[in-house]
Amino acid sequence: VSAFELAMARVPATLRLASVTAIVVMVVSVVLGGAAALYPNGLVNRVQQFVALAGASLPDFWLGLMLIAVFSDWLGVLPTSGTGGLEHMVLPVLVLASRPIGVMSQVVRSALLEQLTAPYVASARGKGRSQLGVLVVHAWRNALVPIVAVGSDQLMQLVSGAVVVEVVFGWPGLGQLSIQAVTNRDFPVLQVTVILVAVMVFIVNFLADVAFAVIDPRIRYS
């Protein structure tokens, strides 16, 4: 088996883990950050601040080991490693999503708060629109540019930074293969894995540029 075939066999596992994590990050960050922007002095805002701090502070390997100790060894409700059903993805996705959720929820909150204090929002409120209506109809689209910018960076980190998570949970993706290649001094396999990750990062960058052009026409015609 060639190095390219060996690496390509691991790509679906990495993409599956990264795509599920990206969906979780997007949903949780939008809901948590949006609610924190709507109620900046409420309990949700404090929860979002705690999530952002914890996501930035907790190392992935430590969080993974703690989750294995609690949910696998102590409670016995989730598997420690391997692939299979959705239960095998819960712990890896939680660990891989912790930092991006902290970052993205903070970005969503800050971007929406900036838009909610803009004059056009005050005008919309004066016309009788509800707070939620102003957020969804007016503020959200103008807040998308910084959100997409940071989100694309976080997505690239999901693809390229899953090495620790894949090793801790025995996930058979490119990250685990790259560690095995380093250990075995298998340089052809290591080179192929690096190239494949670089291609994925390039695709994410390209899609982000397309999204910018769709969101903001000024970027499209500049």
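Predicted model: local features only at pLDDT ≥ 70, side-chain atom pairs only at ≥ 80, totals over all residues.
**Entry 1: H2 against H3**

I looked up how helix H2, residues 11-38, sits against helix H3, residues 43-57. The two pack at an angle of about 130°, and their axes are 8 Å apart. An angle over 145 degrees would count as roughly antiparallel and 65 to 115 as roughly perpendicular, so this pair falls under oblique. I therefore noted H2 and H3 as oblique to each other. The crossing of H2 past H3 is left-handed.

Next I listed the residues that meet. From H2 I wrote down Leu32, Ala35 and Ala36; from H3, Val44, Asn45, Val47, Gln48 and Val51. I sorted the residues of this contact into 6 nonpolar and 2 polar, with no charged ones.

**Entry 2: the largest nonpolar core**

I then turned to the largest nonpolar core, which has 16 residues. Which of them touch the most other members? They are Leu17, Leu91, Val95, Leu96, Val165 and Phe169. The elements giving two or more residues to this core are H2, helix H4 (60-74) and helix H5 (87-116). H5 gives the most, with 5 residues.

Leaving aside neighbours within four places in sequence, I found Leu17 in contact with Met89, Pro92, Val93, Leu96, Val165, Glu166 and Trp171.

**Entry 3: H9**

Helix H9 covers residues 174-184. I listed its buried residues as Leu174, Gly175, Gln176, Leu177, Ser178 and Ala181. What covers them? The cover includes helix H1 (3-8), H2, helix H8 (163-168) and helix H10 (187-215). Just after H9 I came to Arg185, which takes a positive phi of about 55°.

Is Gln154 buried or exposed? I found Gln154 in helix H7, residues 131-160. Its relative accessibility is 9%, so Gln154 counts as buried. Not counting residues up to four places away in sequence, Gln154 touches Pro100, Val103 and Met104.

Key. Residues numbered from 1 in each chain as written. Heavy atoms only, no water. Axes fitted to C-alpha atoms, helices over the stretch in contact; angles between N-to-C directions. Helix = DSSP H or I, 4+ residues; strand = E, 2+ residues; numbered from the N terminus. Parallel < 35°, antiparallel > 145°, perpendicular 65-115°, else oblique. Left-handed = near helix turned anticlockwise from the far one by under 90°. Contact = heavy atoms within 4.5 Å. Nonpolar A, V, L, I, M, F, W, Y, C, P; charged D, E, K, R; others polar. Core = buried A, V, L, I, M, F, W, Y, C linked by side-chain atoms within 4.5 Å. Buried < 20%, exposed > 50% of the residue type's maximum accessible area, 1.4 Å probe, protein only.
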